[in-house]
Amino acid sequence: MKKIKIFLALAGLLIVGCSEEYLEKQPLNKISSAAVFENAGYAKALLYDIYSYMPNGWGWDSTGHKARGYGRRTMLDCTTDIMVNKSGWVEGWRFVNSGPNPNQDYEFGNWEENYTAIFQCNTLIEGISQSSLSEDPEMQLIIAEARFLRAFYHFDLARRYGAAPLFTEVPDITDSEALFKARTPANELYDFVDSEFTAIAELIPLAQDMNASGSEWGRVCREAVWGFHGRVLLHAERYAESAAMSKKVIDAVNGGTSDRELASDYEALFISKGNNKEVLFEILFDGVNKGGTIDNFSRPPSNRGSWGGQHNPTEDLVASYELTNGLPATVANGHDPHNPFVNRDPRLEQSILHHGSTFFGRTYDFAWNLDTSDNTWKPVPNTDAPHAQGLATVTGYYLRKFMDPDLAAVDFGLSSQSWIVLRLGEVYLNYAEAQNEAVGPDQSVYDAINAVRHRSNMPSLEVNYPGLDKNGMFGRIEQERKVELAFEGHRFWDLRRWRKGAEVLNGTVPANPGNPLDGGHMSCSYPLRQADGSIRYVTPSTINDVLAPGENLQQQPYTNFRRTHVWNDRMYLMPVPQRAIDRNPELDQNPGY
């Protein structure tokens with residue numbers, strides 16, 4: 001630990017800190033502190049620091065994590081149709097209401113952080129390459145991982161901003177052309193990431209060989225390089241190549257070369273704390289030196305630490321979970337909207353807390369009662385019911401996925417479950433989508449989706465959807481990604497990849513039916529306790545059947561509590577920060593900003 005602290009002090013001199021942006025640095029004219037890279041411990045310490053810029057979904061500064069890009073007080077999927085924040089001041093609401101702008105990205109941009117990490121990658125690669133330890137196997141592995149991270153951070157720039165400057169070496173501060181670069185087109189950034197991942201994959205150990213190779217869990221393994229490669233190529237719409245990369249992971253798993261496997265317990269996967277067999281890459285937390293905030297932000301008020309109940313799943317998502325027979329949850333298929341959680345895809349119960357859920361050692365009552373004085377349905381004050389207090393859900397649901405039932409205190413920085421960046425379940429779905437786009441819905445596409453569904457005891461896709469064409473299969477892939485990967489940050493990127501912003505992210509309940517451009521709201525579900533003790537659920541689709549003549553609701557069943565979801569096509573890309581443009585005359589802005 002002492003060595004790491006000494007190195008970080010030296011690294012601070014070497015790269016002149018980590019604040020602001022890459023082009024603001026005063027980098028050495030190449031490397032003048034070569035002695036730093038004559039010590040494997042110092043080099044490894046810098047590598048770990050570079051890993052800490054990987055975006056994570058737990059947010060907040062007290063995590064001990066340098067990264068931005070997934071929000072501070074929000075989760076990335078709170079800007080989509082599947083989840084909302086209950087507090088109007090949280091950046092997720094501001095993002096969906098007005099979108100980011102060049103002077104404010106609401107904690108979802110990370111231009112500076114990515115370039116700080118890229119600068120450190122190049123410093124580390126060049127420093128080791130010029131040292132006497134350049135041929136040492138441990139140092140060669142560190143170089144390979146630095147190349148992986150450098151490629152990943154360029155990918156993160158490409159998916160957020162489109163074009164962005166490409167840096168593969170430490171720029172000479174005396175050379176303005178090297179220092180102030182124009183934006184490299186996104187397709188060229190994808191070319192770079194593609195070539196780097198291809199070059200380094202065989203240099204990185206398989207997960208089961210990491211310790212023997214001088215690596216350790218928390219660093220990248222070969223399966224993760226392949227899996228990330230498949231994800232990158234999916235974003236680049238290079239479908240055949242993407243399918244081939246994801247298939248490398250699947251073949252290694254099926255052939256026994258890899259020790260990775262789908263977890264048998266979907267719910268337990270998301271409270272795991274290191275090296276669950278399904279995980280290919282994760283960010284580790286210990287709840288002490290580096291703690292997460294997810295329990296603090298997400299539990300119901302009665303189980304809160306200080307903020308509680310910030311991340312509320314929507315009725316739009318809940319309605320997407322199929323019946324256990326694999327059919328959509330519709331009345332025509334036998335679904336009862338007033339007994340809505342019976343015979344549903346098990347992932348619903350494992351991901352979402354609802355009225356009647358049993359968790360944290362208790363059964364939750366979110367019901368509203370009828371106030372006969374004004375004939376209005378209202379929540380019981382200061383309970384967990386929707387809108388019952390400032391900390392309560394606005395949608396009728398709370399987050400269950402990621403919640404640690406064994407964590408008693410939930411203040412900031414005490415959560416220790418991992419943020420899973422890449423897992424095998426995603427790889428199967430990445431393969432299915434890429435293969436379907438490349439060649440159509442062959443049997444391997446069905447097999448990949450079924451692998452994920454069978455883990456949750458859902459029937460094979462072909463039971464209800466045999467003989468799908470390409471478009472039909474895409475609809476099933478979209479459905480499966482929506483529920484399997486819920487709250488993991490993928491929905492935000494998926495809707496942008498698929499160009500479905502106007503269709504989905506403008507609100508499913510229009511604010512003004514006469515003008516769809518006004519945006520809309522995401523739907524909610526409020527349980528109403530009837531005189532006989534039974535519960536009827538009011539949603540935008542059931543409200544006319546549930547309310548008796550003259551009855552009113554204290555709150556309408558959609559998220560107009562704070563903001564309206566408004567989509568603008570400029571939001572397919574994030575704005576380049578104005579502060580970066582002001583410093584670099586070669587930069588330009590994305591359209592619409």
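Asp588 comes first: at 45% relative accessibility I log Asp588 as partly exposed (buried is under 20% relative accessible area, exposed over 50%, partly exposed in between, with a 1.4 Å probe and protein chains only). This is a predicted model, where local features need pLDDT of at least 70, side-chain atom pairs count only at pLDDT 80 or more, and totals for chains, interfaces and linings use all residues. Residues are numbered from 1 along each chain as its sequence is written, and side-chain values use heavy atoms, leaving out hydrogens and water.

What does Asp588 pair with? I found a salt bridge to Arg183, 3.0 Å from N to O (the term means a side-chain nitrogen of Lys or Arg within 4 Å of a carboxyl oxygen of Asp or Glu). Asp588 sits in the segment after helix 21 (578–583) and Arg183 in the loop between helix 6 (176–179) and helix 7 (186–200), so this pair ties together parts 405 residues apart in sequence. Helices here are DSSP runs of H or I, at least four residues, and strands are runs of E, at least two, numbered from the N terminus. Arg183 is buried, at 14% relative accessible area.

Next I checked Arg347 and Glu484, whose side chains meet in a salt bridge (2.8 Å, N to O). Arg347 is in helix 13 (residues 346–351) and Glu484 in helix 17 (residues 470–484), 137 residues apart. Arg347 is buried at 0%, and Glu484 is buried at 0% too.

Last pair: Glu433 bridges to Arg497, with the closest N and O atoms 2.8 Å apart. Both Glu433 and Arg497 are buried.

How many salt bridges does the structure hold? I noted 45.
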